[in-house]
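Take a look at the protein below. We will walk through it step by step, from single pairs of side chains to the whole chain.

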Amino acid sequence: MIKKTVTYTDIDGVEQSEDLLFHLDNNDIIDMLKNGKLQKLSDDLSSDDMSVKTTALENFVDMAYGFRYEEEKIDKKTGARRMVPRFRHATPEEIEEFHNSEAHGEFMLAMYTKQGEADSFVSALLPNVKR
């Protein structure tokens with residue numbers, strides 16, 4: 001999981017900061033491989049067509065965006081209880097809300113305009129996958 005802290009100025013001129021969380025586990029990556037989505041992502045991000053490239057990046061961000069929570073696990077042998085960190089991907093409604101936020105705009109603008117930002121983001125979420 002990676003955390004990106006985004007700082008922006010709201011409509012009242014007040015500086016705000018939000019932590020955005022992104023994660024792809026091995027099962028997500030396997031699904032991308034099986035469905036050809038990983039190859040399509042690689043091809044689209046390498047495209048000379050800016051529209052193709054930005055759409056691919058937006059879809060990748062949406063796929064990885066979500067929330068951290070903790071889940072209680074009980075050891076079957078000892079009965080010991082412990083909290084385990086988990087990640088859940090955002091629902092379509094949460095993604096729509098994210099798209100309508102100033103944090104999203106600030107985050108995506110950085111992805112599109114800062115040299116190497118998008119490549120670094122994709123590589124952080126797909127560290128063991130050759131693109």
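Lys-40 and Asp-44 meet through their side chains in a salt bridge, with 2.8 Å from N to O. This is a predicted model, so keep that in mind as you read. Why do Lys-40 and Asp-44 sit about one helical turn apart? They are four residues apart in helix H2, which covers residues 37-45. Asp-44 is buried, because its relative accessible area is 16% and the cut-off for buried is under 20%. Side chains of opposite charge can pair when their charged atoms come close.

How many salt bridges does the structure hold? There are eight. Another one joins Arg-86 to Glu-71, and here the closest N and O atoms are 3.2 Å apart. Arg-86 belongs to strand S4 (residues 81-89) and Glu-71 to strand S3, so this pair ties together parts that are 15 residues apart in sequence. Arg-86 is partly exposed, at 30% relative accessible area. Glu-71 is partly exposed too, at 28%.

Lys-4 pairs with Glu-117, and their closest N and O atoms are 3.7 Å apart. Lys-4 lies in strand S1 (residues 2-9), while Glu-117 lies in helix H6, so the pair ties together parts that are 113 residues apart in sequence. Are these two residues buried, exposed or partly exposed? Lys-4 is partly exposed, with a relative accessible area of 22%. Glu-117 also counts as partly exposed, at 24%.

Next come the rings. The structure holds seven aromatic pairs. Start with Phe-22 and Tyr-65. Their ring centres are 5.9 Å apart and their planes meet at 55 degrees, so this pair is tilted. Phe-22 is in strand S2 (residues 15-22) and Tyr-65 is in strand S3 (residues 65-74), so the pair ties together parts that are 43 residues apart in sequence. Phe-22 is buried, with 0% relative accessibility. Tyr-65 is buried as well, with a relative accessible area of 9%.

Compare that with Phe-107 and Phe-121. Here the ring centres are 5.5 Å apart and the planes are at 75 degrees, so the pair is edge-to-face. The reasoning rests on the angle: planes over 60 degrees apart count as edge-to-face. This pair involves two helices. Phe-107 lies in helix H5 (residues 102-113) and Phe-121 in helix H6 (residues 117-125), so parts 14 residues apart in sequence are tied together. Phe-107 is buried, at 5% relative accessible area. Phe-121 is also buried, at 0%.

Which residues form the aromatic cluster? Phe-22, Phe-60, Tyr-65, Phe-67, Phe-98, Phe-107 and Phe-121 form one cluster. Both of the pairs described above have their residues in this list.

Turn now to a residue with a different setting. Met-50 is found in helix H3, which covers residues 50-64. Met-50 is exposed, because its relative accessible area is 53% and exposed means over 50%. Now find Tyr-112. Met-50 and Tyr-112 are 62 residues apart in sequence, yet their C-alpha atoms are 9.6 Å apart in space.

Finally, step back to the whole chain. The protein has six helices and four strands. What pattern do they follow along the sequence? The order is β-β-α-α-α-β-β-α-α-α. Along the principal axes, the C-alpha atoms fill a box of roughly 55 × 45 × 25 Å. Of the 131 residues, 32% are buried. Contacts across the sequence matter for reading this picture. Take the contacts between residues at least 6 apart in sequence: 51% of them join residues at least 24 apart.

The accessible surface comes to about 8900 Å², and 46% of it belongs to carbon and sulfur atoms. The protein carries 17 positive and 26 negative charges.

Note on methods
Residues are numbered from 1 along each chain as its sequence is written. This is a predicted model: local features need pLDDT of at least 70, side-chain atom pairs count only at pLDDT 80 or more; totals for chains, interfaces and linings use all residues. Side-chain values use heavy atoms; hydrogens and water are left out. Buried means under 20% relative accessible area, exposed over 50%, partly exposed in between (1.4 Å probe, protein chains only). Contact means heavy atoms within 4.5 Å. Accessible areas come from the Shrake-Rupley method with a 1.4 Å probe; for residues, only the protein chains shown count as cover. Lys and Arg count as positive and Asp and Glu as negative; His and the chain ends are not counted. The place of a charge is taken as NZ of Lys, CZ of Arg, CG of Asp or CD of Glu. Rings of Phe, Tyr and Trp (its six-membered ring) pair if their centres lie within 6.5 Å; planes under 30 degrees apart count as stacked, over 60 as edge-to-face and the rest as tilted. A salt bridge is a side-chain nitrogen of Lys or Arg within 4 Å of a carboxyl oxygen of Asp or Glu.
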